[in-house]
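Here is a structure to look at.

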Amino acid sequence: MHRIKIDKKTWERREIFDFFSPASNPFYMVTFKQNVTKLQRYVKKHNISFYYAMIYLCTEAINSVEAFSYLVEKDQIYKLEKRNPSFTDMKKGSELFHIVTMAIDDDIFEFCRNAQNKSMEQVEFISMQKESDDLIYFSCVPWIEMTALTNERDLSFPEAKDDAIPHIAWGKYEDVGGEKSLNISIEVNHRFIDGIHIGKFHEKLTELINGLE
């Protein structure tokens, strides 16, 4: 995991970071509606997974917003080069999920292919040696039109509030007048992320979706 040490004394976010640091629960969640019409057409045309494609595009969008690249470890601030996806998935015919963690590929088709193969071949629930601070946690509830989703946290853990990993989830998309949209829920740590940064994530994700052929 490549990261750069940040001088907190000159870090422009220092005051906001310090303001939210005493909070035992500095996390908050925002849900926004995302038009996925072009993405749905794209994955259908190229016969790739909508879920994996969304994970790829969301990861690209997160990595385009600098605020999502920060983390804290033992009171020291670091900046990551990039974050990689860690996502829930299910094998066909099973009601049990497992967690797949992998590097982000440069190409959406390569990522979707590798994600499918890795998920199908994985036999354990989670590979703990691949868990790190440079991840984005993804999940999906495709059976319902999800409006919001919170995440489990052990806030009794002494370093729980240092968690800077974004949690992103969505549900079933709805069709209204030929346009398809879904709600994306994102949970973040307010020590690092403000509403403007979630707005930038949404803006970049929309740009990436609209840029599909």
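**Cavity, pocket and cysteines**

Q: How many cavities of 30 Å³ or more does a search of the whole structure find?
A: The search finds one in this predicted model. The largest cavity has a volume of about 40 Å³.

Q: What makes a residue part of the lining of the largest cavity?
A: Lining residues have an atom within 4 Å of a point. Ile99, Val100, Thr101, Lys118, Gln122, Ser127 and Lys130 line this cavity. Strand 6 (residues 97–101) gives the most, with three residues. By class, the lining has two nonpolar, three polar and two charged residues.

Q: Which element gives the most to the lining of the second largest pocket?
A: Helix 5 (residues 195–210) does, with five residues. The pocket holds about 290 Å³ of space. Of its 16 lining residues, the closest to the centre are Glu12, Glu66, Ala67, His197 and Lys200.

Q: Why is Cys58 in no disulfide?
A: A disulfide needs two cysteine sulfur atoms within 2.5 Å. For Cys58, the nearest cysteine sulfur is that of Cys140, 11 Å away.

Q: Why is Cys58 called buried?
A: Buried means under 20% relative accessible area. Cys58 has 0%, so Cys58 counts as buried.

Q: How do you know whether Cys140 is buried or exposed?
A: Its relative accessible area is 19%. The cut-off for buried is under 20%, so Cys140 is buried.

Notes
Residues are numbered from 1 along each chain as its sequence is written. This is a predicted model: local features need pLDDT of at least 70, side-chain atom pairs count only at pLDDT 80 or more; totals for chains, interfaces and linings use all residues. Side-chain values use heavy atoms; hydrogens and water are left out. Buried means under 20% relative accessible area, exposed over 50%, partly exposed in between (1.4 Å probe, protein chains only). On a 1 Å grid over the protein atoms alone, a cavity is a set of points where a 1.4 Å probe fits but cannot get out, and a pocket is an open set with protein on both sides within 12 Å along at least five of seven lines; lining residues have an atom within 4 Å of a point. Grid points are joined across faces, edges and corners, and a volume is the space filled by probe spheres set on the points. Helices (H or I, at least four residues) and strands (E, at least two) are DSSP runs, numbered from the N terminus. Ala, Val, Leu, Ile, Met, Phe, Trp, Tyr, Cys and Pro count as nonpolar, Asp, Glu, Lys and Arg as charged, and the others, Gly among them, as polar.
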